[in-house]
Amino acid sequence: MLRQRTVRAILATVTVILSLIGVQVVATAPASAAVTTIYYDASRAGQFATNFAQAAQIWNSSVDNVRLQPGSPASVVIYVDSGWPRAYVTRLGAGRIYMGTQAVDQGYDRTRIATHEWGHILGLPDRRTGLCSDLMSGSSAPVSCRNAYPSAAEAARVDQLFARAAATVTDQAPSGNRSSTTGATSGVRMS
């Protein structure tokens with residue numbers, strides 16, 4: 001078991017390093033890998049609900065180990081207020097997102113903001129690189145930046161985090177009763 005984890009960690013690290021230097025790595029998740037489904041509630045997102053749905057689809061097309069889906073029980077709730085956009089993460093795949101209209105009023109792209117805030121819920125920190133190609137560069141990229149897609153390195157990191165989380169859930173199941181499905185009460189499911 002330790003050897004398998006070590007091999008996975010090394011492969012994930014090599015993938016991230018290669019993507020950082022610009023090498024595209026195409027890999028598929030093993031058939032036995034669990035996919036984490038994160039249910040969200042955008043009913044309080046007002047005029048930005050469509051942007052969050054688009055952002056969820058962008059993440060769903062960019063990663064293999066996690067799916068964002070509207071539904072219940074929701075582990076992520078999305079709100080709108082007049083402040084700056086932000087996410088409060090309570091654990092990997094759970095928390096609150098606020099679409100602050102201040103950034104929209106300054107001209108930042110709505111879908112990029114939504115995808116960026118989803119990135120925090122998925123475990124990514126801000127990286128103030130100033131590059132439009134880095135989703136998590138946030139407002140350090142120019143206001144004219146419309147890229148709402150994570151870089152290969154960002155997507156690989158999310159896949160790595162959720163693969164590790166799925167392995168932990170599976171490893172903690174009682175012997176002889178291994179399961180990759182967590183309880184539905186959390187709003188985050190492995191399926």
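A: A pocket is here an open set of grid points with protein on both sides within 12 Å along at least five of seven lines, and its lining residues have an atom within 4 Å of a point. The model is a predicted one. Its second largest pocket has a volume of about 250 Å³. The lining comprises 18 residues, and those nearest the centre are Trp 84, His 116, Glu 117, Gly 138 and Ser 139. By class, 9 of the lining residues are nonpolar, 4 polar and 5 charged. Helix 4, spanning residues 110–121, makes the greatest contribution to this lining, with 5 residues.

The aromatic pairs number 4. Tyr 40 is buried at a relative accessible area of 5%, and Trp 118 is buried at 0%.

Tyr 88 and Tyr 98 also form an edge-to-face pair, because their ring centres are 5.8 Å apart and their planes stand at 85 degrees. Tyr 88 lies in strand 4 (residues 86–91) and Tyr 98 in strand 5 (residues 94–100), so the pair ties together parts 10 residues apart in sequence. Tyr 88 is partly exposed, at 39% relative accessible area, whereas Tyr 98 counts as buried at 17%. Together with Tyr 79, these two tyrosines, Tyr 88 and Tyr 98, form one aromatic cluster. Over the ring of Tyr 98 sits the charged end of Arg 86, 4.5 Å from the ring centre.

Note on methods
Residues numbered from 1 in each chain as written. Predicted model: local features only at pLDDT ≥ 70, side-chain atom pairs only at ≥ 80, totals over all residues. Heavy atoms only, no water. 1 Å grid on protein atoms, 1.4 Å probe; cavity = no way out; pocket = protein on both sides within 12 Å on 5 of 7 lines; lining within 4 Å. Points joined across faces, edges and corners; volume = space filled by probe spheres on them. Helix = DSSP H or I, 4+ residues; strand = E, 2+ residues; numbered from the N terminus. Nonpolar A, V, L, I, M, F, W, Y, C, P; charged D, E, K, R; others polar. Phe/Tyr/Trp six-rings, centres within 6.5 Å; stacked < 30°, edge-to-face > 60°. Buried < 20%, exposed > 50% of the residue type's maximum accessible area, 1.4 Å probe, protein only. Lys NZ or Arg CZ within 6 Å of the ring centre and 35° of its normal.
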